[in-house]
Amino acid sequence: MNPESVACRESDLAISVADVYKAYKLYPSHQDRLKEALHPFRKRYHREFSALSGISFDIRKGESVGILGRNGAGKSTLLQLIAGVLTPTSGTISVNGRVAALLELGAGFNPDLTGRENVILASTIQGVAEDAIPDRVAAIEEFADVGVFFDQPMKVYSSGMYARVAFANAINVNPDILIVDEILGVGDAKFQEKCYSKIRSLREQGVCILFVSHSTEVVQRNCESAILLESGNVVKYGPADAVIAIYHDLLYGSGATLKNNGKNSESHNKIASASSFLTGNLPGSELVNFLQNGAEPWYQRSGLYNPNERRFGNGDAEIVDFFVTADGHANFDVLSGNESLAIYIKVKFNKYIAQPEIGWAVVSPEGIVLSGSNTAMTKVILPQTVSGEIRAYEIKLQPTLCGGDFFLNLGVGERVGKTWTFLDNRRAIIHLTVAHQESASGFFNIPFKCKPISDSIQHE
Ligand SMILES: Nc1ncnc2c1ncn2[C@@H]1O[C@H](COP(=O)(O)OP(=O)(O)OP(=O)(O)O)[C@@H](O)[C@H]1O
């Protein structure tokens, strides 16, 4: 039970997790696993790794809870324990009601059997009466909507098709508790929408929903509360919004966080102070300083730099520095969303590049690319470069962003014939915070007008 909600009776609980530890055995090699199994004096070759370190919480009947956490935090382990697929090393888990679990791909179905055969088998195992099976199979076939593949062995399914049959099968047991581990992410957008709308209707019927997602937006939309796991511990269990804010802090470092989606008064004060600072303060000299700046990267002084950026590329060129202006001003922290952005980047080339290309993308905190392009896509030809030189480029963007957090990817690539290579790709290198807007929600603020175009057309 979300500890910030009111206390409730034991009979109101769907799931109770009490002081649960889960340790995995880690072997240096496969041979060591065998040696341990065969050793006459049971010599220990493994070390223990604690995936969950004594966690406790209660989940109310009908509560919908998102499980958040970085890779390896223990989310899947927790769901598998609750679903009864794994047993805890110590501690207890009580589950009150019929559980349907959609765990990782591959679990549950026999790949050599067709979708239909697997569903019939699952119905038999789940104790569905024989005369009810045909209707159930028909309902699952209709929801899964995989066409002729329903009668093909599941080993030929794409991961999306697999997810369709798995989800349709899980929701058809009329669960009291539905556990979903990330699996919906593999379906196409329309199917995801169908699943989430089903999840919403199950929520309305009082089904307890527990699901793992790396998308905080999905958690925000579908869950009233959330649990944040980190290194096998519960960092926070509370209202989804509050937990998401802490999760963002964990992902992007404190200070780079949502600041309550820019909704709090502190953010509004920042816009006011930023804009008053900006008026009449042109970046020209700062841009010159940036371009002439020596060894120390300018961006490290910038509050926009995300130290948790992900970087890859073959190293033949390196994005060594960046500088951002909003409506021509260099010093800003919270944007209003409509500013013209200019991103200046310095690229050091480590070899001759005949056809360099520069690209960018605006991405959500969940990593969804909201928009992106590059010089090749826009038929801009950049001059060739020689080894050892540093060049500067300007990228101008005119986004209309809604309130929230956004990240920018920057990349430099090379095209040789039809082959394209990443020389340096810096994902989520820049963090932009946009103030909450009353007039729109989502990612982009699309201009909208509505007006009456008639008086009453009909009146009963
Ligand atoms: N069978 C296993 N044997 C050994 N270690 C394991 C096993 N399964 C999981 N782990 C480890 O336990 C930790 C928690 O794993 P888990 O899969 O629960 O994390 P997660 O939060 O679901 O991660 P992700 O978001 O990457 O799916 C990880 O460090 C993982 O390497």
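1. The face of helix α3 that is turned away from its buried side carries the exposed residues Thr-124 and Ile-125. Helices (H or I, at least four residues) and strands (E, at least two) are DSSP runs, numbered from the N terminus.

2. On the basis of the model: it is predicted, so that local features need pLDDT of at least 70 and side-chain atom pairs count only at pLDDT 80 or more, while totals for chains, interfaces and linings use all residues. Residues are numbered from 1 along each chain as its sequence is written.

3. The buried residues of α3 are Gly-115, Asn-118, Val-119, Ala-122 and Ser-123. They cover an arc of only 135 degrees around the axis and therefore lie on the same side of α3; the arc is that of the directions from the helix axis to the C-beta atoms. The cover over these buried residues includes α4 and α5. After α3 comes Gly-127, whose phi is positive, near 80 degrees.

4. Helix α4 (residues 133-144) has 12 residues, and the distance from its first C-alpha to its last is 16 Å, close to the 16 Å expected at 1.5 Å a residue. The expected span is 1.5 Å times one less than the number of residues in the helix. Val-137, Ile-140 and Ala-144 are buried in α4. Viewed down the axis of α4, its buried residues fall within an arc of 65 degrees, so they line one face of the helix. The face turned away from that buried side carries the exposed residues Pro-134, Asp-135, Ala-138 and Glu-142. Among the elements covering the buried residues of α4 are α3 (115-125) and α5. Asp-145, which follows α4, has a positive phi near 55 degrees.

5. Helix α5 is mostly covered, with 11 of its 13 residues buried. Its buried residues include Met-161, Tyr-162, Arg-164, Phe-167 and Asn-169. At 1.5 Å a residue, the 13 residues of α5 should span 18 Å, and its end C-alpha atoms are 18 Å apart, which agrees.

6. The largest nonpolar core has 68 residues, and those with the most contacts inside it are Ile-67, Ile-179, Leu-210 and Ala-226. Helix α5 (residues 159-171) gives the most to this core, with 9 residues. A second, separate core of 35 residues includes Phe-323, Ile-358, Phe-406 and Phe-443. A nonpolar core is here a set of buried Ala, Val, Leu, Ile, Met, Phe, Trp, Tyr and Cys residues joined through C-beta atoms within 7 Å. In soluble globular proteins, nonpolar side chains tend to be buried together.

7. Residues up to four places away in sequence aside, Ile-179 touches Leu-79, Ile-82, Ala-83, Val-99, Ala-101, Leu-102, Leu-210 and Phe-211. Two residues are in contact if their C-beta atoms, placed from the backbone, lie within 7 Å.

8. For the protein chain as a whole, there are 10 helices and 18 strands. Of its 460 residues, 36% count as buried. Among contacts between residues at least 6 apart in sequence, 73% join residues at least 24 apart.

9. The ligand is surrounded by Tyr-24, Leu-26, Phe-49, Ala-51, Gly-69, Asn-71, Gly-72, Ala-73, Gly-74, Lys-75, Ser-76 and Thr-77. A residue is near a molecule or strand if its C-beta atom, placed from the backbone, lies within 6 Å of it. Strands β1 (13-26) and β2 (47-60) and helix α2 (75-83) each supply at least two residues of this shell, and the largest share, 3 residues, comes from α2. The shell divides into 5 nonpolar, 6 polar and 1 charged residues. Ala, Val, Leu, Ile, Met, Phe, Trp, Tyr, Cys and Pro count as nonpolar, Asp, Glu, Lys and Arg as charged, and the others, Gly among them, as polar.

10. Lys-22 lies in strand β1. Lys-22 counts as buried because it has 23 C-beta neighbours inside 10 Å. Leaving out residues up to four places away in sequence, Lys-22 touches Ala-51, Leu-52, Thr-77, Leu-81, Leu-86, Pro-88 and Thr-89. Lys-22 and Thr-87 are 65 residues apart in sequence, yet 8.0 Å apart in space, C-alpha to C-alpha.

11. Ser-231 is not a glycine, although its phi is positive, about 45 degrees. Ser-231 lies in the loop between β8 (225-230) and β9 (233-239) and is partly exposed, with 14 other C-beta atoms within 10 Å. Lys-379, another residue other than glycine, has a positive phi near 60 degrees. Lys-379 is found in the loop between β15 (369-374) and β16 (390-397) and is exposed, with 6 other C-beta atoms within 10 Å.

Key:
A residue is buried if 20 or more other C-beta atoms lie within 10 Å of its own, exposed if 12 or fewer, and partly exposed in between; C-beta atoms are placed from the backbone.
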